Amino acid sequence: MTIQPNDRPLLEWTGDSLAIGLFEDAVELTGELATLDQKFAGVLKELIAEEEFKGKANSTIFTRVSGNTPLRKLIVVGLGKPEALKIDTLRRAAAAVARVAKKQKSKILGLSFPLWNNDPEASAQAIAEGVELALYQDVRFKSEPEDKAPQIETVELLGFAGQEAAINRAHQIVSGVILARQLVAAPANAVTPITLAETAQTIANEHGLQLQILEREDCEKLGMGAFLGVAQASDLPPKFIHLTYKPEGTPKKKLAIIGKGLTFDSGGLNIKGAGSGIETMKIDMGGAAATLGAAKAIAQLKPDSEVHFISAATENMISGRAMHPGDVLTASNGKTIEVNNTDAEGRLTLADALVYADKLGLDAIVDLATLTGANVIALGDDIAGLYTPDDAVASQLEKAAQTSGEKIWRMPMEEKYFEGLKSGIADMKNTGPRPGGAITAALFLKEFVKETPWAHLDIAGPVWTDKENGYNGSGATGYGVRTLVNWVLNAGE
């Protein structure tokens with residue numbers, strides 16, 4: 001599929017499906033749209049009246065066009081109220097149109113949308129992102145594709161002449177989102193610590209990034225007892241992945257993105273029971289997937305900041321070598337951890353990854369992880385929790401998320417809750433009491449960052465969806481990639 005700008009006037013455009021965006025409570029046809037309606041014998045006005053179309057955001061209607069014209073279908077999509085127009089409104093509207101056009105077997109689709117904030121570059125990028133994200137289908141594990149309908153071949157953005165660079169930027173970012181979706185969606189026998197490391201190697205080879213893979217012996221030398229405690233039960237070797245993008249010249253900022261990389265989580269000896277969702281635990285590397293997806297996108301976008309992409313990848317399994325509830329592990333900063341629950345393993349792997357990154361002399365670290373069910377209880381399935389003591393980093397991430405359309409909400413770092421993590425025999429336990437469980441998880445991670453401004457994103461909810469959601473189909477969403485990319489792109493400002 002090709003997405004491209006088109007500078008031909010709306011009335012002169014030729015293709016087989018034309019999509020028009022209309023605002024809520026402003027669906028009367030004027031100007032070009034009134035002329036277009038006259039050209040097609042009033043079919044557009046008739047459609048709006050018959051369907052009682054009000055222009056609510058993402059609502060769609062369509063009709064067939066008859067007569068001697070190459071145009072077969074007219075599609076109308078609602079944009080909501082004009083004063084509420086956001087950049088993500090265009091992204092979601094484009095996704096809604098793309099799905100309708102595909103079902104209607106369109107090959108050449110034209111989109112006529114208004115500008116957000118009088119910014120053609122940002123608007124074109126958002127529209128292109130929405131189309132690509134909505135039309136992606138993962139058929140890797142199907143013996144035969146279920147959807148055999150014709151695919152959209154060309155999408156033309158009307159009125160966006162000269163925005164080729166913005167459309168290409170959208171494609172580069174979406175390539176990272178799709179990689180993250182593929183990694184999360186793949187079963188645990190396809191995505192392992194080994195194949196995650198191989199994916200990092202592919203990104204490094206294709207885009208000229210530096211890669212260091214620390215093997216078990218290397219991690220032992222660095223004293224990564226928390227990470228290796230989780231890894232010791234698996235028959236698959238752990239892989240500590242460190243992928244680095246360096247810009248030409250002196251970087252404006254040095255940043256790190258750390259992703260939790262549990263390619264399967266059985267719960268360990270605190271095994272996940274019936275109804276726990278153990279069969280979905282292939283998604284427990286959603287943080288690592290977003291990290292590698294961001295690496296792929298950033299390597300193509302070439303920002304002026306240096307970025308380190310890190311993941312301590314392993315499985316959490318059960319065997320005669322498994323860590324026991326009650327064991328004491330020593331992390332690479334010397335802190336000791338009483339393991340009172342082997343199913344709170346992600347924070348143990350992140351602990352050593354944070355210590356490692358903290359020594360790199362960075363300006364900021366962001367980690368993201370499918371860390372707690374408590375965060376899902378607090379914020380639901382669509383919103384990630386943002387935990388940080390640093391207001392500047394919080395503001396940067398909130399702005400990046402708003403641009404990307406990925407929802408986050410800053411949560412409190414209530415220091416007194418750390419009392420619940422205190423251990424009688426070690427420096428801390430790996431879990432606290434049930435109330436405030438997502439907060440105590442973040443407070444646990446904070447113990448492993450000494451010098452660097454840091455933020456933690458708990459993405460347990462939005463990394464997966466059971467239903468079509470905006471520009472995401474059901475399944476893996478690739479959540480986090482676009483927010484991380486926006487954060488990096490704007491970090492030098």
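The expected span of a helix is 1.5 Å times one less than its number of residues. In this predicted model, helix α5 covers residues 164-185 and has 22 residues, so its span should be 32 Å. Most of α5 is covered, with 17 of its 22 residues buried.

Ile283 belongs to the loop that runs between β10 (261-265) and α9 (286-301). Its relative accessible area is 12%, and because the cut-off for buried is under 20%, Ile283 counts as buried. Beyond its neighbours within four places in sequence, Ile283 makes contact with Val184, Thr370, Val463 and Trp464. Leu183 is 100 residues away from Ile283 in sequence, yet the C-alpha atoms of the two are 8.4 Å apart in space.

The loop between β10 and α9 also holds Leu269. With a relative accessible area of 38%, Leu269 is partly exposed, because this value falls between the 20% and 50% limits.

β12 and β13 (residues 336-338) run antiparallel and are joined by three bridges. Within this pair of strands, Thr330 stands opposite Thr336 of β13.

Note on methods
Residues numbered from 1 in each chain as written. Predicted model: local features only at pLDDT ≥ 70, side-chain atom pairs only at ≥ 80, totals over all residues. Heavy atoms only, no water. Helix = DSSP H or I, 4+ residues; strand = E, 2+ residues; numbered from the N terminus. Buried < 20%, exposed > 50% of the residue type's maximum accessible area, 1.4 Å probe, protein only. Contact = heavy atoms within 4.5 Å. Pairing = 2+ DSSP bridges.
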